[in-house]
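Keep the sequence and the 3D view open while you read.

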Amino acid sequence: MKTIRIGTGAGFSGDRVEPALDLAKHGDIDYLVFECLAERTIALAQQAKMRDPNAGFDPLLERRMRAVLPVCHEKSIRVISNMGAANPVAAAKKTVAIARELGLTGLKVAAVLGDDVLDILSPDDFRITETASSLRDFNKQVVSANAYLGAGGIVDALNAGADVILTGRAADPAMFLAPQIFEFGWKMDDWSLLGRGTLVGHLLECGGQITGGYFADPGIKDVPDLARLGFPIAEVSADGNAVITKLEGTGGCVTTATCKEQLLYEVHDPKKYIQPDVVADFSNVCIEEIGPDRVAISGGDGAPRTGSLKVSIGYIDSCIGEGQISYAGPGAVARGQLALDILDQRMDLAGITCQEKRGELIGVNSIISNADMTSAEPNEVRLRFVVRTDDLATATRIGEEVESLYLNGPAGGGGVTKTAREIVAIVSGLLPEHQVQTHFEMMEA
């Protein structure tokens with residue numbers, strides 16, 4: 001039975017580059033997939049594109065492509081990624097320019113388009129799930145609307161001979177499902193096979209999370225050589241079943257436990273994991289350790305897709321002003337708390353209005369607000385004061401008030417940092433899939 005090897009080059013936008021290069025050099029893989037797009041990432045990318053029409057793709061695209069393209073071109077490893085973000089065409093042009101600079105002639109790069117649906121949404125008919133209101137009544141500054149595309153556009157680009165495929169907002173598992181459909185000739189309505197392929201994609205999409213990253217908990221779930229964590233590889237057969245493994249000699253581990261944690265990650269109903277291509281069924285999945293760092297995955301299934309695509313709407317929600325300062329030595333907690341009290345009063349004295357404010361001492365109550373302080377106090381704390389406001393000018397004042405604590409607050413404060421920024425938030429809705437037209441543009445180095 002035919003088998004292909006798919007490696008994960010990234011599990012999020014800021015992921016490490018070195019493990020991807022290791023996979024390209026030594027992994028004997030057919031595909032290298034970089035999953036780099038989170039919910040808000042594409043809305044932030046749309047903001048960048050609004051400022052510069054040549055921007056809006058992943059900031060690490062150039063570094064990643066310079067690292068892996070020479071090896072992938074030499075070994076005929078196809079690269080698939082959503083690093084195109086808000087601007088797949090610009091990302092493809094940049095990749096072609098890098099390939100030419102590196103002397104990689106004949107490299108075909110495809111930009112998959114169609115996910116940007118802002119212009120086709122009906123303000124009256126499109127309903128926002130979280131508020132049950134129409135887009136017109138939402139009354140927020142919308143900056144983006146991107147539909148989660150399935151595997152179809154990527155499969156089309158593979159059929160056209162693309163060596164590198166860059167998408168915008170595609171469903172994470174779809175980037176791993178597409179090469180399986182292409183290589184094995186699966187039909188787009190073979191729900192069982194699509195469900196199994198989606199299972200493989202879901203297991204791979206977070207990269208090092210399935211090889212021990214984010215899993216590690218010293219003394220409870222020990223992971224060897226985490227500093228040299230290797231990224232996962234799926235050996236997939238034509239029946240959709242797979243073995244999850246990693247490069248020999250790299251750090252981390254692939255076990256039934258790491259695979260089970262990843263299987264459950266972000267899955268609301270394991271029997272109905274709704275994706276653009278299929279409603280996947282993970283309820284009867286079998287996970288079996290068959291050797292060191294080798295786990296067999298089988299039993300995935302699927303049902304017909306819903307006919308609707310999820311759309312993420314990015315909008316300007318508010319502005320955040322933040323300041324931080326440290327206190328150390330005897331009485332650090334008391335001095336930090338006094339500083340928080342002062343800041344709280346000065347918001348009123350300065351007439352600063354806000355939607356929300358929060359003051360905390362990192363290491364004391366920043367995560368667990370009702371922390372037990374009966375034990376010995378820490379001898380150092382980091383104060384964080386943050387306020388949500390309607391405008392950036394007001395948000396900027398928050399950091400200035402924290403900075404003023406140097407000479408207008410408790411003794412011994414230092415190391416002030418301050419920021420002010422717009423907050424892009426996300427809501428969602430559903431769009432009939434027939435309204436979304438997916439296509440690709442091909443370029444060649």
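Let's begin with threonine 8, which lies in strand S1, residues 3-10. (Helices, H or I with at least four residues, and strands, E with at least two, are DSSP runs numbered from the N terminus.) Before going further, note that this is a predicted model, where local features need pLDDT of at least 70, side-chain atom pairs count only at pLDDT 80 or more, and totals for chains, interfaces and linings use all residues. Residues are numbered from 1 along each chain as its sequence is written, and side-chain values use heavy atoms, with hydrogens and water left out.

Is threonine 8 buried or exposed? Threonine 8 is buried, at a relative accessible area of 0%. (Buried means under 20% relative accessible area, exposed over 50%, and partly exposed in between, using a 1.4 Å probe and protein chains only.) The threonine 8 side chain reaches the backbone oxygen of leucine 204 at 3.0 Å. Setting aside neighbours within four places in sequence, threonine 8 is in contact with Leu23, Leu32, Val33, Phe176, Leu204, Gly207, Phe231 and Pro232. (Contact means heavy atoms within 4.5 Å.)

Valine 68 sits in helix H3, residues 61-75, and counts as buried at 0% relative accessibility. Beyond its neighbours within four places in sequence, valine 68 is in contact with Ala20, Leu21, Leu32 and Phe34. Valine 68 and methionine 442 are 374 residues apart in sequence, and their C-alpha atoms are 20 Å apart in space.

For valine 89, look in helix H4, residues 88-101. Valine 89 counts as buried too, with 18% relative accessibility. Its C-alpha is separated by 8.8 Å from that of threonine 167, 78 residues apart along the chain. Leaving out neighbours within four places in sequence, valine 89 is in contact with Ala111, Leu113, Glu441 and Met443.

Asparagine 146 belongs to strand S5 and is buried, with a relative accessible area of 0%. What does its side chain pair with? The asparagine 146 side chain makes a polar contact with the side chain of aspartate 115, at 2.8 Å. (A polar contact is a pair of N or O atoms within 3.5 Å; within protein, one must be able to donate a hydrogen and the other to accept it, and residues adjacent in sequence count only if both atoms are side-chain atoms.) Apart from neighbours within four places in sequence, the contacts of asparagine 146 include Ile42, Gln46, Asp116, Arg169 and Lys310.

**Cysteines**

A disulfide is a covalent bond between the sulfur atoms of two cysteines. The structure holds 0 of them, counting a disulfide as a pair of cysteine sulfur atoms within 2.5 Å. Cysteine 286 is partly exposed, with a relative accessible area of 38%. For cysteine 319, the closest cysteine sulfur is in cysteine 354, 13 Å away and so too far for a bond. Cysteine 319 is buried, at 4%.

**Positive phi away from glycine**

Alanine 132 isn't a glycine, yet has a positive phi of about 65°. You'll find alanine 132 in the loop between strand S4 (108-113) and strand S5 (141-147), and it counts as exposed at 55% relative accessibility. Tyrosine 214 also has a positive phi, near 70°. Tyrosine 214 is in the loop between helix H7 (191-204) and strand S7 (232-237), and counts as exposed at 74% relative accessibility.

**Pockets**

On a 1 Å grid over the protein atoms alone, a pocket is an open set of points where a 1.4 Å probe fits, with protein on both sides within 12 Å along at least five of seven lines; lining residues have an atom within 4 Å of a point. Grid points are joined across faces, edges and corners, and a volume is the space filled by probe spheres set on the points.

| Largest | about 1,100 Å³ | 39 residues | Glu39, Asp172, Glu205, Glu266 and Tyr273 |

Helix H6 (172-184), strand S9 (273-274), strand S14 (308-328) and strand S17 (414-432) each supply at least two residues of the largest pocket's lining. That lining divides into 17 nonpolar, 12 polar and 10 charged residues. (Ala, Val, Leu, Ile, Met, Phe, Trp, Tyr, Cys and Pro count as nonpolar, Asp, Glu, Lys and Arg as charged, and the others, Gly among them, as polar.) In the second largest pocket, helix H5 (residues 152-159) gives the largest share of the lining, 3 residues, and the lining divides into 6 nonpolar, 5 polar and 4 charged.
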